[in-house]
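Have the sequence and the structure open as you read.

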Amino acid sequence: MKNFMRKAAAFVSAGAMALTGVPSVVCTDPNITAFAVDDCNDDWLHCEGSRIYDMNGNEVWLTGANWFGFNCSERCAHYLWSGDCDDMLREVADRGINVIRLPISTELLYEWQNGLDKPVSGGGLQASYNPPTDQVGEDGKVTKAGTYGSINKDFVEADGKTNVTSQKAFEIILAKCKHYGIKVFVDVHSPHADNSGHIYNLWYGKEMNNNPVMVTTDIWMDTLVWMADQYKNDDTLLGFDLQNEPHGKGPEGKLAAKWDGSTDENNWAYAATKCADAILDVNPNALIFIEGVEQSLSGAQPGDYWGIADRRDDSPYIGAWWGGNFRGAREYPITPKHGTSQIVYSPHDYGPSVYAQTWFEKDFNEQTLLDDYWYDTWAYINAEDIAPELIGEWGGYMDGAENQKWMELLSQYMIKHHINHTFWCLNTNSGDTRGLWAQFSYNLNDVTDKSNGTTITWEEDKYALFETTLWQTATTGKYIGLDHQTPLGINGTGLSLNEFYTSYANTEGSNLDGGKKGNGQPVIIDGSTTTTTKATTVTTTTTTVTTSTTDKPTGDDDIKWGDANCDDDVNMADAVLIMQSINNPDKYGEGKPDGISSTGVKNADVFNTGDGITNKDALAIQKYKLGIIGELPEKQS
């Protein structure tokens, strides 16, 4: 739903078509130690109703922005040709963005998976660290490393000038996001690596640009599963947006994405469900973001079918923005065999500056937008507590007129209804929306061995509107991150999730739910993990809990230890139910309709067995799932 421009020049034609209605790897300069990072792997999220929660049942709000480029021909986040990555991410975090949606392509993942990755081209990345080490001349004078060039120095190899590969660049960005308290999810923006690839309708059936391979449904799914497996131990990468804006109009038939109950290859609901299950097989903690389609058969009469010619009157098709139509999800919701605890619906929504849709033809307001488009198309999912929603793209020009009015209305609606979102976009080079960044300049002088050389000019009026939608404390305006240990940013304006729930949630609350105050339970992990690196070599030191080898209590062969919710599985949902039963016994206590059962109470008593359920039982389950202890109940030293 947008154009991409490369640097200052227009790169593609109009993309806003008329619509009808591995473990974590830190790559650093070889002479310095990498950032110390939080490696507890304790920040995974899950869904209940229309809300998203952490492992202890604390509500979270994902409020972020898009940063495209890995999906494009450059195969790297854009504007690393103009600025230093640390400078950019530091400002992003300090300005309150707690998650980045990072578009990629299936072709890029295919290259990573099959060892076809190459160094990022000079047109896509400015990186240097010359000389790479201190040089001592014949006169004894020392030329310090980086004297002649020190921008994106983590993105060059040991020679100080050869760019790293695209996957290494991705991993460097992931590690820096971890350092600044930012979370990430990736979005398969197109089958092929192309600045205009998002225009293509489907997730399959398109040739790759640089490889003699046709992208199939199997390749699309296999590459995503490969990526989920590679990064399953790094909770900086929270999840996967399976496909950007599946679209196409009904009369196109098999060439357009549809949403129904069939097993047809172009049925997006079927493909997304299969892909979600395949990802959750290798990482059951990942969030799965699922977009809508463009048209649905919601106006169908008896005998109508997908592919039938449109009618001037009584059209069988009801349209939406690309990726925005969830009308079919009422009858055919996404229900993986793994359950719906990781499923987030992700519509895209834009204003009249992108396309003059029919619902903008009147003097529109929130109610007319709900009546004419929002509610039946996507808003019902949140309003009826079916699932959480994250509006993956919204944004546009601050025109002082209709488009700005729409942005203000949508931003207010998202705040009132706890809808997650990622703004389109950070980049300045989105042709039909522009971005939050306006321009860059980089000062190569006096930046040796440090960043801060980048000057980023923000579109401050647009940021001011967007800033109101960022998760922040109600009175002091401190931005709230999604990492339990690492605060968001480094200038003191941001908090870690634990800081919010221990010091702010019950005193001032946040800008959600009208500033409602509440209690939360911080995530505390026994044991510590630190990561230090040189170049791309990871050394990990872990201190774990040591316990004695006492046997399990006798007579308890019928107990499934840790299975508090009695679903025959032990996972973070069990820890959450324990915490809920303790903190809100009126709703989740033993015997309550939504509460823990008597069998669940027995199963849940996994710490100091016999003393009933306590917070330490929930902690024991967390430690078990994180591999800190090997079995339940937890053996006492």
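Lys 178 is buried, at a relative accessible area of 4% (buried means under 20%, exposed over 50% and partly exposed in between, with a 1.4 Å probe and protein chains only). Please keep in mind that this is a predicted model, where local features need pLDDT of at least 70 and side-chain atom pairs count only at pLDDT 80 or more, while totals for chains, interfaces and linings use all residues. Residues are numbered from 1 along each chain as its sequence is written, and side-chain values use heavy atoms, with hydrogens and water left out.

**Salt bridges**

- Lys 178 forms a salt bridge with Asp 234, with the closest N and O atoms 3.0 Å apart (a salt bridge is a side-chain nitrogen of Lys or Arg within 4 Å of a carboxyl oxygen of Asp or Glu).
- Asp 234 lies in the loop between α4 (217-230) and β15 (237-241) and Lys 178 in helix α3 (residues 166-180), so the pair ties together parts 56 residues apart in sequence (helices, H or I with at least four residues, and strands, E with at least two, are DSSP runs numbered from the N terminus).
- Asp 234 is buried too, at 1% relative accessibility.
- Asp 281 and Lys 337 form a salt bridge with the closest N and O atoms 3.1 Å apart; Asp 281 is partly exposed at 49% and Lys 337 is exposed at 63%.
- Shared partners join Asp 43, Lys 178, Lys 183, Asp 234, Asp 235 and Asp 483 into one salt-bridge network.
- The whole structure holds 34 salt bridges.

**Aromatic rings**

- There are 32 aromatic pairs in the structure (rings of Phe, Tyr and Trp, the last by its six-membered ring, pair if their centres lie within 6.5 Å; planes under 30 degrees apart are stacked, over 60 edge-to-face and the rest tilted).
- One of them is the edge-to-face pair of Phe 70 and Trp 112, at 6.5 Å centre to centre and 85° between the planes.
- Phe 70 sits in the loop between β6 (63-66) and α1 (85-94) and Trp 112 in helix α2 (residues 106-113), so their pair links parts 42 residues apart in sequence.
- Phe 70 is buried at 0% relative accessibility, and Trp 112 is buried at 4%.

**Charges over rings**

- Arg 95 lies over the face of Trp 458, 4.3 Å from the ring centre (NZ of Lys or CZ of Arg must be within 6 Å of the ring centre and within 35 degrees of the ring normal).
- The charged end of Lys 405 sits over the ring of Phe 364, at 4.4 Å from its centre.
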